[in-house]
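Hi everyone, thanks for making time for this. I'd like to walk you through one model, so please have a look at it first, and then we'll begin with a question.

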Amino acid sequence: MPAPRTVLLTGAAGGLGTLMRDLLPAYGYDLRLLDLRPIEGEPDAIAADLADRDAVREAVRGVDAIIHLAGISLEAPFEKILKANIEGTYHLYEAAREEGVGRIVFASSNHAVGYTPRPRGDDPLIPVGTPRRPDTFYGLSKCFGEDLAQLYWDRHGLETVSVRIGSCFPEPTSVRMLSVWMSPADGARLFHAALTAEHVGHTVVHGSSANTRLWWDLTSARALGYEPQDDSEPYAEKLIAEQGELQDGNEAHAYLGGQFVTDPPIWPY
Ligand code: NAI
Ligand code: 15L
């Protein structure tokens, strides 16, 4: 497909949205911004709730593609997750179908498969086809999003790349993150690859940098043309000195989802 130009960025006020607002224009994208919250310095940003079907439809009208980041990004009561992440994502897909948008890049999460044991020693990397094992209602909503994407590809020909993001922050802040960190610059590289690769249908990829301590397989991401440039290893010595190595007997260290399996951070609702 030709490189999309106008891209709707939902969740543009959030942490990842803010990083991508800085990085994606250099790839030639004209970003249309949407969030519940106003965005400082962005008077043209659309302030809308994904619950508002008419507003969502208007927001997608005329765009070439969508990067869908909006939603609750941590654990929350099921009713809140249902509204923002499940119904909200459904509204976005319906709007995209109705308006003929060809492709969505969906911010899925490692927490869709958070109960997958982390590889140790010579264990193979976690494949992208690993069975779903959500660690929270939040992770469950990401499973829904991936399945919705599959349905809209099979039934309507709307393409999606579901990116199971590890941890995308300016720097890794925990020993676990050394294995799943995606630098913001690599995040932009991966989103660009997901927007421009040909014939993706519905493709699920892992979203991380080329970390020395990588836990999962990046083959499907690389097949889109993604070439990660960063590695968390320069942060390892300091983080391990502060926090120690991951412990075998610690349940929060046993799984891909880390702390989410025991004591998930709660969205401040
Ligand atoms: P964030 O919580 O900082 O940003 C989410 C944004 O979505 C917020 O600005 C919020 O106002 C907006 N939002 C929430 N509900 C909405 C609704 N009903 N309608 C419109 N906007 C709404 O989260 P962050 O870190 O920026 O993550 C972005 C996306 O990437 C989320 O979907 C998250 O689940 C996913 N993700 C992020 C990871 C990371 O490391 N940052 C890792 C894995 C997945
Ligand atoms: C996520 O899915 C969250 O949205 C993000 O805030 C981080 O907690 C990340 O996963 C992670 O696993 O580090």
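So, which side chain does the side chain of E94 join in a polar contact of 2.6 Å? The partner is Y152. A polar contact here is a pair of N or O atoms within 3.5 Å; within protein, one atom must be able to donate a hydrogen and the other to accept it, and residues adjacent in sequence count only if both atoms are side-chain atoms.

Before I go on, some housekeeping. This is a predicted model, in which local features need pLDDT of at least 70 and side-chain atom pairs count only at pLDDT 80 or more, while totals for chains, interfaces and linings use all residues. Residues are numbered from 1 along each chain as its sequence is written, chains are lettered from A and ligands numbered from 1 in the order in which they are written, and side-chain values use heavy atoms, with hydrogens and water left out.

Back to E94, which sits in helix α3. Helices are DSSP runs of H or I with at least four residues, strands are runs of E with at least two, and both are numbered from the N terminus. E94 counts as buried because its relative accessibility is 10%; buried means under 20% relative accessible area, exposed means over 50%, and partly exposed is in between, using a 1.4 Å probe and protein chains only. Setting aside neighbours within four places in sequence, E94 is in contact with R53 and Y152, where contact means heavy atoms within 4.5 Å.

Now the helix itself. α3 covers residues 78-99, and its 22 residues should span 32 Å at 1.5 Å a residue, which agrees with the 30 Å between its end C-alpha atoms. The expected span is 1.5 Å times one less than the number of residues. Where does α3 bend by about 30°? That happens at G88, and the bend is the angle between axes fitted to the seven residues ending there and the seven starting there. Buried residues in α3 include I81, N85, I86, H91 and L92. Among the elements covering the buried residues of α3 are β1 (6-10), α2 (53-60), β5 (103-109) and α4 (137-156). Just after α3, G100 takes a positive phi of about 75°.

On to α4, another helix worth a look. Its 20 residues reach 27 Å from first C-alpha to last, close to the 28 Å expected at 1.5 Å a residue. Y138 and Y152 are among its buried residues, and the buried residues of α4 pack against α3, β5, β6 and β7 (202-207). After α4 comes G157, with a positive phi near 70°.

Now for the ligands. Which residues are the closest to ligand 1? They are L16, D35, S73, Y138 and C168, out of 25 that surround it; a residue is near a molecule if one of its heavy atoms lies within 4 Å of it. Oxygen atoms of ligand 1 are found 3.1 Å from a polar backbone atom of G14, 2.7 Å from a polar side-chain atom of S73 and 2.5 Å from a polar side-chain atom of Y138. Taken alone, ligand 1 exposes 830 Å², and the protein buries 90% of that; these areas come from the Shrake-Rupley method with a 1.4 Å probe, and for residues only the protein chains shown count as cover. α1 (15-23), β5 and α4 each give two or more residues to the shell around ligand 1, with the largest share, three residues, coming from β5.

Ligand 2 has S73 and Y138 around it too, and its surroundings also include N110, H111, R176 and F260. Its oxygen atoms lie 2.6 Å from a polar side-chain atom of Y138, 2.8 Å from one of R176, and 3.1 Å from an N or O atom in the side chain of N110. Ligand 2 exposes 320 Å² when taken alone, of which the protein buries 83%.

One last stop: G257, in the segment after α8 (236-243). G257 counts as buried because its relative accessibility is 0%. Leaving aside neighbours within four places in sequence, G257 is in contact with N110, H111, G114, D135 and R176. Two of those names, N110 and R176, came up around ligand 2.
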